[in-house]
Amino acid sequence: LIGSKGQYILDPLLYLEYGSTPDFSSQKLEGKLILARDMGRINMALNPVAEFEFEDSETETEYKFNGGISYMAGNLLKLGIETRFGKEFFYVGPTVSHGNDQYWFAIGYLRALSEPETGKPQFYTRMILGLNL
């Protein structure tokens, strides 16, 4: 988190994500910014993403956005709707999160609302495990 929670209109958080194929022939680096706001039991977040994919000697750059809104249904349970969209795709679906500010996991199912571009799937299932150091 950059600054204290509630210091700005939206709470900013920066992070990087790295991914690779098992043989390292294709690698991906994502720079992400999370802009979030808690309003009682409701949380809203927007996540602009810059993705850099490296394959052989070629580099491809893609910009996309993730966003969501969740409701804290209990001390450890959040229910939400998540979106993922870019220049030529738009996905939406439900997300369930369990845990607290230190440890959590989330699982979500996203479905394309438009015809996905070539190579993009019709559905995504995502699971995230989190540990706040």
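Predicted model: local features only at pLDDT ≥ 70, side-chain atom pairs only at ≥ 80, totals over all residues.
## Strands S2, S3 and S4

Strand S2 covers residues 26-39, strand S3 covers residues 42-55 and strand S4 covers residues 58-72. S2 and S3 are antiparallel partners, joined by twelve bridges. Within this pairing, Leu29 has Phe52 in S3 as its bridge partner. The hairpin of S2 and S3 has two residues between the strands, and Gly40 takes a positive phi near 70° there.

S3 also pairs with S4, again in the antiparallel sense, over 14 bridges. Here Phe52 stands opposite Thr61 in S4.

Strand S6 (residues 89-99) and strand S7 (residues 103-112) run antiparallel and are paired over seven bridges. The two strands form a hairpin with three residues between them.

Leu110 has Tyr124 in S8 as its bridge partner.

## Aromatic rings

The model contains five aromatic pairs. One of them is formed by Phe89 and Tyr91, whose ring centres are 5.9 Å apart and whose planes meet at 55°, so the pair counts as tilted. The reasoning rests on two cut-offs: planes under 30 degrees apart would count as stacked and planes over 60 as edge-to-face, so the rest are tilted.

Are Phe89 and Tyr91 buried or exposed? Phe89 has a relative accessible area of 6% and is buried, and Tyr91, with a relative accessible area of 1%, is buried too. Both residues fall in this class because buried means under 20% relative accessible area.

Ring pairs also link Phe65, Phe85 and Phe90 into a cluster. Tyr124, the bridge partner of Leu110, takes part in another kind of contact: Arg84 lies over the face of its ring, at 4.7 Å from the ring centre.

## Asn66 in strand S4

Asn66 is located in strand S4. With a relative accessible area of 12%, Asn66 is buried, because the value is under 20%. Asn66 and Val92 are 26 residues apart along the chain, and their C-alpha atoms are separated by 9.7 Å.

## The second largest pocket

The second largest pocket has a volume of about 240 Å³. Which residues are closest to its centre? Of the 15 residues that line this pocket, the closest to the centre are Glu51, Glu60, Glu62, Glu117 and Lys120. Strands S2, S3 and S4 are the elements that give two or more residues to the lining.

The largest share of the lining, five residues, comes from S4. By class, the lining has twelve charged residues, one polar residue and two nonpolar residues.

Notes. Residues numbered from 1 in each chain as written. Heavy atoms only, no water. 1 Å grid on protein atoms, 1.4 Å probe; cavity = no way out; pocket = protein on both sides within 12 Å on 5 of 7 lines; lining within 4 Å. Points joined across faces, edges and corners; volume = space filled by probe spheres on them. Helix = DSSP H or I, 4+ residues; strand = E, 2+ residues; numbered from the N terminus. Nonpolar A, V, L, I, M, F, W, Y, C, P; charged D, E, K, R; others polar. Pairing = 2+ DSSP bridges. Phe/Tyr/Trp six-rings, centres within 6.5 Å; stacked < 30°, edge-to-face > 60°. Buried < 20%, exposed > 50% of the residue type's maximum accessible area, 1.4 Å probe, protein only. Lys NZ or Arg CZ within 6 Å of the ring centre and 35° of its normal.
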